[in-house]
Amino acid sequence: MFESKIVTPRIRKMDQVEIVSFLGECKKQAKPGLIDLSIGNPDIPPCPEALNELLERSRDPNMHGYGNFNGVGELLEGIGAYYKQVFKTEVNPQEIMVVRGIRSAIFDVATVFAGSGDYILLPSVSYPSYFLATEFCGASTYLIPSSEESDYLPDLTQIPLDVVEKAKILYLNYPHNPTGAVITRDKLEEIVEFAHKNSILLCYDNAYNEIVFDGIKPLSLMEIEGAREVGIELFSFSKLTSLAGWRISFIAGGEAIIKEIREYLSLTDTAPYNGFQYGAAVALKQTYLDNTGAKLGEHYQKRRDELIEVLETIGLDYYKSMGGFYIWVKSPKGDGRSFTNYLLNEANILVVPGDYYGEDGTNYVRLSLTTSEDDFQEVLKRLKRLTL
Ligand SMILES: Cc1ncc(COP(=O)(O)O)c(C=O)c1O
């Protein structure tokens, strides 16, 4: 078959690639009325101010060439103002690289900083792109054991010394996709110290940044003393500002690290469309004017609470999410794949089997909280009817 000739075995064999086909098959087999809880596409619309800005800017015929690679001034200033307002820290334009989504930035970071003979460290339950990025850049993966018992936080003392010596990057993401675990400032400080001591780049994926529950204070890597000398933060406009389709995000971090990434991207990529850059600047400002982070936190915390009440009623175990868009549920029988099939057949709900996030997720499934309110209430009804 033509397709199998062009896709290298290296890519084909990846579990994450296979699971995408599995989910595609599930969708094909689904009955009408399927509720898809397999993706984290925000159900809250973007703010009208950002949409108006985009419309206004797009009327300018000079707006439609290549985007400003270094970031338009309004956006760079806006990002600086945001960090000052929300995280009480300064971030200057040389510390920012505007990119077309942080998903691809994860791969760029791996390519720039690691390769054959190096190790990339990641928690054993992680966002799939880290596994793929490591594989694609030719480095070896070291999975730091992570589980419910340790709140999906990495225990750095478990990493063998010879691996630490060859490690180039540590990927972390909190609030955590898929579990909703969060990190404390103390733990993040300890990790920054580890990165300093061992000259490892800390790539801190803060995709869900302010979306946290139960009164937790949002945390940025940029607040941590000494972090920008060894670290970068990936910030997404997809979740907080509901602009996933615009493909705009940014990397913040030490000037020297950003310079390396910028040089690489100047050869391989282009900037997001300028209209999106202006719109994103307005959207970001609006988040602190409207208290968007706290409102989203309340919205998804309410859904988490409603969902876990039902899970408890029907006798399912789950990890209590403290932020982000997801609930991580333990399969009551068989592995996450068979439970995904069960939910598809018995409730017409699509979820993601946990092995998409690494082998240690095998016995779980991930449910997204980001549907319309009507669909969410329907999910609760369908789950209540299950006899497990
Ligand atoms: C942990 C994590 N990182 C990155 C992304 C992708 O972000 P972006 O839309 O900016 O590429 C997601 C989206 O689901 C995510 O969950």
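In the predicted model, four strands form an open sheet in the order β9-β10-β13-β12, with antiparallel pairing; strands here are DSSP runs of E with at least two residues, helices are runs of H or I with at least four residues, both numbered from the N terminus, and two strands count as paired if DSSP finds at least two bridges between them. The edges of the sheet are β9 (318-319) and β12 (352-353), each of which pairs on one side only. Between β9 and β10 (residues 326-330) the pairing is antiparallel and runs over two bridges, with Y319 standing opposite W328 of β10. Helix α13 (residues 292-314) lies across β9, β10 and β13 (364-368), at about 15° to β10; contact means heavy atoms within 4.5 Å, and the angle, on a scale from 0 to 180 degrees, is taken between the N-to-C directions of axes fitted to C-alpha atoms, for helices over the stretch in contact.

Residues are numbered from 1 along each chain as its sequence is written. As the model is a prediction, local features need pLDDT of at least 70 and side-chain atom pairs count only at pLDDT 80 or more, whereas totals for chains, interfaces and linings use all residues, and side-chain values use heavy atoms, with hydrogens and water left out.

Polar contacts, defined as pairs of N or O atoms within 3.5 Å, include one of 2.6 Å between a ligand oxygen and a side-chain N or O atom of Y208, and one of 2.7 Å between a ligand oxygen and a polar side-chain atom of R247. The backbone also takes part, with a polar atom of I102 lying 3.0 Å from a ligand oxygen. Of the 400 Å² that the ligand exposes when taken alone, the protein buries 92%, as computed by the Shrake-Rupley method with a 1.4 Å probe.

Two cis peptide bonds may be described together. One joins Y174 and P175, with omega about -10°, and another joins N177 and P178, with omega about 25°. P175 is placed in the loop between β5 (167-173) and α9 (185-198), and P178 is likewise in the loop between β5 and α9. In the loop between α9 and β6 (201-205), S199 has a phi near 50°, a positive value in a residue other than glycine.

How values were computed. Polar contact = N/O pair within 3.5 Å; in protein donor to acceptor, adjacent residues only side chain to side chain.
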